[in-house]
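Open your viewer and get ready to click along. We will go from one selection to the next and look at what is there.

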Amino acid sequence: MDVLAVLLLVAALWRSGVSSRNCPDLIVDSCHCVAERYKELSRHTVRVKVVCEDADLLETLEPALLPNTTVTLILSNNKISMVKNSSFYGLRALERLDLRSNLISTVEPGAFRGLAMLKRLFTKDSTCNTGHDAPLELPLLQLIPSQRQLVFRGDRLPLQCTATYLDPSLKLTWSHEQRAVRTQEKIGVYVEESIIHDCCLITSELILSNVDADVAGNWQCHVTSSRGNSSIGMEIVVLETSAVYCSAERVTSNKGDFRWPKTLAGFMAFLPCATPTYSSASHEKRAWRKCDKLGRWAEEDYNQCPYSSKFTRVLHELTQIQVNTSNAIVLARQLSSFTSNAAMFGDMMDVIFVTHLVERITRLVDRIRELGDYVSDIASNMMQVEEHILWMAQNEARACTRIVQCVERIADLIFNTHSQNISKVSPNIALEAFMVRPSSVMGLLCTVVQRSSLAPPVTDTGQGRATGFVQAPALLGDTHLNFRCHAANVTVSPTGQLSQIPGNKSPKNWPTDNDLIRLYRSATEKM
């Protein structure tokens, strides 16, 4: 029984660790997150599934608590009674939403606003009611594809229109150049019957199976109901085989995932930002690309779009703050706390933005000595970032070199306050500096004593080596770093100098076989 209890505890801790990694802001204990396997190989894309089943939730989760890469959200078997306006706004990647077995009696207009990628909505066992007194407002009205489409004669092009199902009077119809469209098999036009998903979404599909010049122009999907009408449209351009165009292309960057359609040479293509924006401006922020006259993608601009990673967005916002003596401590404390999650940074811009902030903070260390501790801690935290991310940041902006230079400058800046020594130890960085008289210094001895649990020595009897050669012991478990420097006479051996180090005056304090010792000596020129 005790063994079973331990196994259950380990399983619970493991699941908690996975959940915190994928959803660091999710504070509901009964929820957990898992990474979903992505069909396309891409190290930059993470698909997250959030499960809050049987969690006794009385309302839906705040979207800000969930990663914007959430593709599946399970809220079944709870006590949710209402789906409010903008309940899921910001979860732009959400494809599957499960609200089954709740107590839902009201779905407010705008409840599913912003769910551009939603494919499946489950609400069975919940009673959907949008309120008949509300004016016509469609939380979701989506046409796929939504941008101008360039097609060739003979191509097949499906169009899909999805809207919120407000009441049984709601119907979806199609038109081409303001003329109603119905199934016409002779010319390859098929209008499928509308499908109602549970009680909340309705979808209609129109298929152009054999594109001809006659299908060029504006196509629209119309929503009609007893409470009003709405519509959404797109344009089809039929190309001759000799037409010059830019091929459809998918671009994935730190601003999101963009699927650029075929674009005629000399034209520009526009796409909405992949990450939702919360600007008060009335116009939607967009990215654009230009197809040059030779049919090659040329100029492009993603500047209006925010970074897709919340880490990068937060760091970018911090770089917009003017750092001064009144806010430096608060900013440094926030940055030190924020970079404690540096192991989750996945963009070189994360490292570059931190570098900019550390440099600004370092400039104020001579006036606010406490900032030196934060700079050391932040630099230590950044060593958790994956090596290839650090390499890219170094290659792009010498970010790693600049952070190290900031740490080195701490000593110079603090000595300007007439301090005689500095000793700072962070999890990954040890810094010690002290004032010495050049006339009395023959050299400098620095010792690093790293204490750890060690594996037993291994005797090597291989050819070419004397029998009984003992290999260096392997380190196991956590280590404790003790870093000290002091003026020394370089004519004496480093081991002999250990007795001069504070704390090592007695032989019983000298390193034993359970210590891994690395000694660094550097001679200094007489001044």
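Here is a short tour with a few stops.

**Before you start**

This is a predicted model, in which local features need pLDDT of at least 70, side-chain atom pairs count only at pLDDT 80 or more, and totals for chains, interfaces and linings use all residues. Residues are numbered from 1 along each chain as its sequence is written, and side-chain values use heavy atoms, with hydrogens and water left out.

**Stop 1: helix α6**

Select residues 387–397, which form helix α6. Helices (H or I, at least four residues) and strands (E, at least two) are DSSP runs, numbered from the N terminus. Now color I389, L390 and A393, which are buried. Buried means under 20% relative accessible area, exposed over 50%, and partly exposed in between (1.4 Å probe, protein chains only). Looking down the axis of α6, you will find its buried residues within an arc of 100°, so they line one face of the helix. That arc is taken from the directions from the helix axis to the C-beta atoms. An α-helix has 3.6 residues a turn, so residues three or four places apart point the same way.

Which exposed residues sit on the face of α6 turned away from its buried side? Select E387, W391 and N395 to see them. Then step just past α6 to R398, where phi is positive, at about 50°.

**Stop 2**

**Stop 3: T72**

Jump to strand β3, residues 70–74, and pick T72. Is T72 buried or exposed? At 5% relative accessibility, T72 is buried. Leaving aside neighbours within four places in sequence, its contacts are E36, V48, K49, V50, L94 and R96.

**Stop 4: T162**

Finish in strand β10, residues 157–164, at T162. T162 is buried too, with a relative accessible area of 7%. Beyond neighbours within four places in sequence, T162 is in contact with residues including L140, Q142 and I202.

Definitions and conventions:
Contact means heavy atoms within 4.5 Å.
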